[in-house]
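Hi,

Have a look at it first, then read on.

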Amino acid sequence: MGLSLLTASSTIAGYQNIMSQSSEIFLAKSTIKAADLEHRRTINFNMARYNSAVPKGKEQFANLELARQRAKNLKWRAIETLDKQLEDFELNFTRRGGKVLWAENGEQATEAILQICKEKNCKMLVKSKSMVTEEIHLNKALEKNGIESVETDLGEYIQQLDNEPPYHIVTPAMHKSKEDVARLFANKLGTDPKLTAQELTGVARHILREKYVQAEVGVTGANFIISEIGAVAVTENEGNARLSCAFPKTHIVVVGIEKMLTSLTDLALFWPMLSTFGTGQKITVYSSILSGPRQPGETDGPEEMIVILLDNGRTNILKSPKQRESLYCIRCGACLNACPVYKNIGGHAYGVTYSGPIGSVITPHLQGLQEYKHLSYASSLCGNCTEVCPVHINIHELLLENRKESVSAGMAPVSEKMAWKMWRLASLNRRLMNMGNGNMKSKVVNGLFKQWSRHRADLSFSPKTFNEMWKDQYKK
């Protein structure tokens, strides 16, 4: 009885607490998506392709667990010395003519980009896949200022046409079938609704190639920043990031400060680690190291390259000895593909930039614990996310830590406090634990915690407690 009350009270804390607007939206969206069988079929089909490829990709590592532990240690070193690494990066990057801007929040980063666009008289901007620019809502800001922003990653381009945010960290349009994309292209671009996947890709390629030439500014994210040589590393499968930073005269990189690596040699581990755990590839098709604008004597590259180092709440995580570990994340998306909650409710139900288990860990610290603490309860705590993480982040334990922090901050509702008191009284009193049979306990608990059974089967208790079974076994 005690354990079940504990589980019930924990869930109620997340879903029946002092309901924030975000949690109400989350509950509404997740309820709808959990019952959408067609949505589940589509994402399970798409995830199955990754699940079959990832084990094969992992075979390239002679000792996978050693590689994962080494990757975690390298990220530990980078994050523990982050202040020094960021200064070294700026020093080494500016030596080659690059510029570094520091943005404390999303507003500062957006204002800096708008100012650069104004100086360059920018009317069109091409943008490669970048979760951090989604985080600061860059496209909306550009649109308000009369600047056309074009997503050049195929998945992101599809999502932009459909006026939707990315569904997944790695695969933005994972929830769409090829039939969905064909209908979307037909509605938005006037193409034949019966086009094949190859033909649809050709349509997007033809349109986007013109945009690269027309754009005055290109914006990319970065998978890693390397302090040793003052460079950013970008890895992709379509070549669109290379075109976005090479054709326009001005290249802007927006990157979170946690993407730091200390040495160029670290990429020998992190590039294959990212591709293997993300898509099952041994290495991504295009891997680039960008260390500044076009140099004298060079024929390719932008005339100006600017890196914007974004905090936007990351130092809130950095100052926490326990939560700091979440900054090791390399955004491979493996935890999303492994999470039973994500696979049932999808990426859009979370209502935030970073969905899935890792998003549920970091979002409350990036955007406010009071408003987003409910995400930390959207987990079965099965530990599968931790099991598949390439850098061994203890994700499920950090979700528990978030719950603890919200309770310690006084955000627990009266209903949860009462449930804990009941559990404590029952667990400390053997007579109360043994009182009544299983059916009676089930009726009492299910009657008290109706919120629990709204979307679940009723709690069911065994006819006897462990203590009673022990006494029957040994007649004591």
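Searching the whole structure, which is a predicted model, turns up four cavities of 30 Å³ or more. I'll take two of those here.

The largest cavity comes out at about 90 Å³. Its lining is made up of 16 residues, and Cys339, Pro357, Ser379, Ser380 and Cys385 are the ones nearest its centre. If you want to find it by secondary structure, look at α16 (340-345) and α17, the elements that each give two or more residues to this lining. The largest share is from α17, with three residues.

Now for the open space. The second largest pocket holds about 1200 Å³. There are 45 residues around it, with Glu134, His137, Lys140, Glu164 and Pro165 lying nearest its centre. Quite a list of elements gives two or more residues to this lining: α2 (21-34), α6 (106-119), α7 (131-135), α8 (138-144), β3 (148-151), α9 and α17 (356-367). Which of them gives the most? That is α9, with five residues. The class count for the pocket lining is 16 nonpolar, 17 polar and 12 charged. Note that α17 turns up in this lining and also in that of the largest cavity.

Helix α9 covers residues 154-161 and helix α10 covers residues 178-189; the angle between them is about 55 degrees and their axes are 10 Å apart. An angle under 35 degrees would count as roughly parallel and one from 65 to 115 as roughly perpendicular, so α9 and α10 are oblique to each other. The crossing of α9 past α10 is left-handed.

On the α9 side, the residues in contact are Tyr157, Ile158 and Leu161, and they meet Val181, Leu184, Phe185, Lys188 and Leu189 of α10. That makes seven nonpolar residues, no polar ones and one charged in this contact.

Cheers

Key. Residues numbered from 1 in each chain as written. Predicted model: local features only at pLDDT ≥ 70, side-chain atom pairs only at ≥ 80, totals over all residues. Heavy atoms only, no water. Axes fitted to C-alpha atoms, helices over the stretch in contact; angles between N-to-C directions. Helix = DSSP H or I, 4+ residues; strand = E, 2+ residues; numbered from the N terminus. Parallel < 35°, antiparallel > 145°, perpendicular 65-115°, else oblique. Left-handed = near helix turned anticlockwise from the far one by under 90°. Contact = heavy atoms within 4.5 Å. Nonpolar A, V, L, I, M, F, W, Y, C, P; charged D, E, K, R; others polar. 1 Å grid on protein atoms, 1.4 Å probe; cavity = no way out; pocket = protein on both sides within 12 Å on 5 of 7 lines; lining within 4 Å. Points joined across faces, edges and corners; volume = space filled by probe spheres on them.
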